[in-house]
Structure formats: C-alpha cells, structure tokens
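Subject: Structure handover: salt bridges

Hello,

I am passing this structure on to you, and I hope you enjoy looking through it.

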Amino acid sequence: RALTPHGFIVDTAENGAEGLRKVQVENYDLALLDVMMPDVSGIDLIEPIHTHDPETVCIVITGYATVELAVQAIKQGAYDFITKPFSADDLILAVNQGVERRHLSREAKRLQAIEAEAHRLAEEKARLEEIDKAKTAFIQLVTHELRAPVAAIQSYLTLILEGYVPPEKQLEIIKKAVEEGKKTAYI
C-alpha cells in the first residue's frame, strides 16, 4: 500500500519458500524480508537471494529488533534493517535508498566493464602500432635492399646504351647486371 503509489511495482509472497521461488524466476531490484515468517527467517533468505542475483538489495524488517539481530542481518548481506512499527515515509526512504544503491552498483559495474574494454582496446592499439612500426621498418629495409642492385643494373645498362662500353666488354657488363639482378631474387 505504501510503495505502489510511489511508482514501485510490488510483488508479494505468503511465505519465504514462495518468495524464494519468485526471486529465482524473476529479477527484483529489492526484497523486503520479515524476520518472522511462517516457514523461515528473512535473514536466512538473504544468501539464496544473493546467490541468484548478488545485486538484489535486501532490507530486513522485524518487530523484534535487537542489536544482535541487526548485526546478523547486516553480516548476511542485508542493506538495511527496519524495526516495526515504522512509518510509510521510513519505508519509502529505505526502499528509495536501496534501489538507488542497486542502480549505482550496476552503473559502477557497467563503467568497470567499459574501462576494461577501453584498456583492452588501448593494448590492442599499442600492439597494432608495434606491428605497423615493424611493417614500416621491413618495407624500408626491403626498399633499400632492392634499390642498390636495381641502381647497379641501371648503371650497367646505361653505360652500354650510351656507348661507353666497347662491344667486346659488353658481355662482361651484362653478366654483372645479371648477378646484381640475382641479388634481388633472394630478398
């Protein structure tokens, strides 16, 4: 009655077993658990609820409040502990804070996932940059290794074409050009 007018979708259970079945089928942002239920203590439901969804916020309600019981509930993973009788405003405040905690926790996990992905992408980028540097260095090396024999072949052929090599020496120069050409075959 107190939560529905404030926009909360409320689902109820008659006992702990029914409530636990619902939690295991559906995803709930928050569970209000009474310590004194017919079949089980609400505190005993915290662990199975968190096993299904660790982010479900559990608020324990009791009319038999003791410090020991509150400590036990918090140790089990309860977000808050409300004692009866309580006002609707107290309940709404606790539920709003619990839901906000769940949303912040989910947002924090989403941001952590984004940060992890950004880190992975940065590492991948660095790896690709290293590969690119290696590729560039390899291309420069191959280019350098190819230029020298090609330049020598060009020089030999230019000497022949421009008539600087007498006909009886041309075969020797052509053989040198062929040898230079063989060097490029091994690169």
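Below is what turned up about its salt bridges.

First, some background: this is a predicted model, in which local features need pLDDT of at least 70 and side-chain atom pairs count only at pLDDT 80 or more, while totals for chains, interfaces and linings use all residues. Residues are numbered from 1 along each chain as its sequence is written, and side-chain values use heavy atoms, with hydrogens and water left out.

Side chains of opposite charge can pair when their charged atoms come close. A salt bridge here is a side-chain nitrogen of Lys or Arg within 4 Å of a carboxyl oxygen of Asp or Glu. The structure has 14 of them.

One joins Glu107 to Arg110, at 2.5 Å from N to O. Both residues sit in helix 4 (residues 88-161), three residues apart, or about one turn. (Helices are DSSP runs of H or I, at least four residues, numbered from the N terminus.)

Helix 4 also holds Glu117 and Arg120, again three residues apart, and their side chains form a salt bridge of 2.7 Å, N to O. Glu117 is partly exposed at 37% relative accessible area, and Arg120 is partly exposed at 42%; partly exposed lies between buried (under 20%) and exposed (over 50%), using a 1.4 Å probe and protein chains only.

In helix 5 (residues 167-185), Glu179 and Lys182 are about one helical turn apart, with a salt bridge of 3.4 Å, N to O.

Finally, Asp11, Glu18 and Lys22 are linked in a salt-bridge network.

Best wishes

Conventions: Helix = DSSP H or I, 4+ residues; strand = E, 2+ residues; numbered from the N terminus.
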